[in-house]
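Have the viewer open as you read.

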Amino acid sequence: MMIIFFSIMFFCGIWVFSSGHKHLLIVLLSLEFIVLILFLMLYIYLNGFNYELFFSMVFLTFSVCEGVLGLSILVSMIRSFGNDYFQSYIMLQC
């Protein structure tokens with residue numbers, strides 16, 4: 001039952017990530033939602049088989065690095081172009 005719940009939440013996060021929103025912040029939030037669901041699934045899997053939870057800490061470290069990289073891209077985009085719309089960024093590339 002829990003696996004079905006987590007898989008529905010995971011695919012909802014993928015749907016929001018791939019639906020093509022206007023703002024970069026919404027895309028980053030959906031990416032962090034996917035990472036949190038993957039962490040919960042990994043934690044329950046490792047805890048269920050009484051494995052070491054060290055790999056979950058490595059996973060959290062990489063997910064924090066991914067979040068910081070996304071936020072730094074967001075800040076540099078807002079400083080350069082004034083907003084986080086994808087449409088204005090594509091228009092300024094020409």
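Helices here are DSSP runs of H or I with at least four residues, numbered from the N terminus. One thing to keep in mind throughout: this is a predicted model.

## Helix 1 and its ends

Helix 1 takes in residues 2-18, which makes 17 residues, and its first and last C-alpha atoms lie 24 Å apart, close to the 24 Å expected at 1.5 Å a residue. Just after helix 1 comes Gly20, with a positive phi of about 75°.

Several residues on helix 1 are worth a click. Ile3 sits in this helix and is exposed, because its relative accessible area of 70% is over the 50% cut-off. Ile3 is also 23 residues away from Ile26 in sequence, with 26 Å between their C-alpha atoms. At the other end, Ser18 belongs to helix 1 too, and at 54% relative accessibility Ser18 counts as exposed. Ser18 and Ile44 are 26 residues apart in sequence, and their C-alpha atoms are 26 Å apart in space.

## Helix 2

Next up is helix 2.

What does helix 2 bury? Its buried residues are Leu24, Val27, Leu28, Ser30, Ile34, Val35, Ile37, Phe39, Leu42 and Leu46. As a reminder for reading that list, an α-helix has 3.6 residues a turn, so residues three or four places apart point the same way.

## The loop at Asn50

Which loop holds Asn50? It's the one between helix 2 (24-48) and helix 3 (54-81). Asn50 follows helix 2 with a positive phi, near 55°, and that's a positive value in a residue other than glycine. Is Asn50 buried or exposed? Its relative accessible area is 68%, which is over 50%, so Asn50 counts as exposed.

## Aromatics around the loop

How many aromatic pairs does the structure hold? There are 5 aromatic pairs. One of them joins Tyr45 and Phe49, whose ring centres are 5.0 Å apart with 70° between the planes, an edge-to-face arrangement.

Tyr45 and Phe49 also share one aromatic cluster with Tyr51. As for solvent, Tyr45 is partly exposed, because its relative accessibility of 48% falls between the 20% and 50% cut-offs.

## Helix 3

Helix 3 has 28 residues and reaches 41 Å from its first C-alpha to its last, close to the 40 Å expected at 1.5 Å a residue. Its buried residues are Ser56, Ser63, Gly67, Gly70, Leu74 and Met77. After helix 3 comes Gly82, with a positive phi near 90°.

Which residues make the nonpolar surface patch? Met2, Phe5, Tyr43, Ile44 and Leu53 do, and the patch is about 450 Å². Helix 1 and helix 2 are the elements that give two or more residues to it.

Phe5 is found in helix 1, and at 47% relative accessibility Phe5 counts as partly exposed. Patch members need over 30% relative accessible area, so Phe5 clears that cut-off.

## Cysteines

How many disulfides turn up in a search of the whole structure? The count is 0. For background, a disulfide is a covalent bond between the sulfur atoms of two cysteines.

Conventions
Residues numbered from 1 in each chain as written. Predicted model: local features only at pLDDT ≥ 70, side-chain atom pairs only at ≥ 80, totals over all residues. Heavy atoms only, no water. Buried < 20%, exposed > 50% of the residue type's maximum accessible area, 1.4 Å probe, protein only. Phe/Tyr/Trp six-rings, centres within 6.5 Å; stacked < 30°, edge-to-face > 60°. Expected span 1.5 Å × (residues − 1). Patch = residues over 30% accessible without salt bridge, like charges linked within 9 Å, V, L, I, M, F, W, Y side chains within 5 Å. Areas by Shrake-Rupley, 256 points an atom, 1.4 Å probe, with all protein chains shown as cover. Salt bridge = Lys/Arg side-chain N within 4 Å of Asp/Glu carboxyl O. Disulfide = S-S within 2.5 Å.
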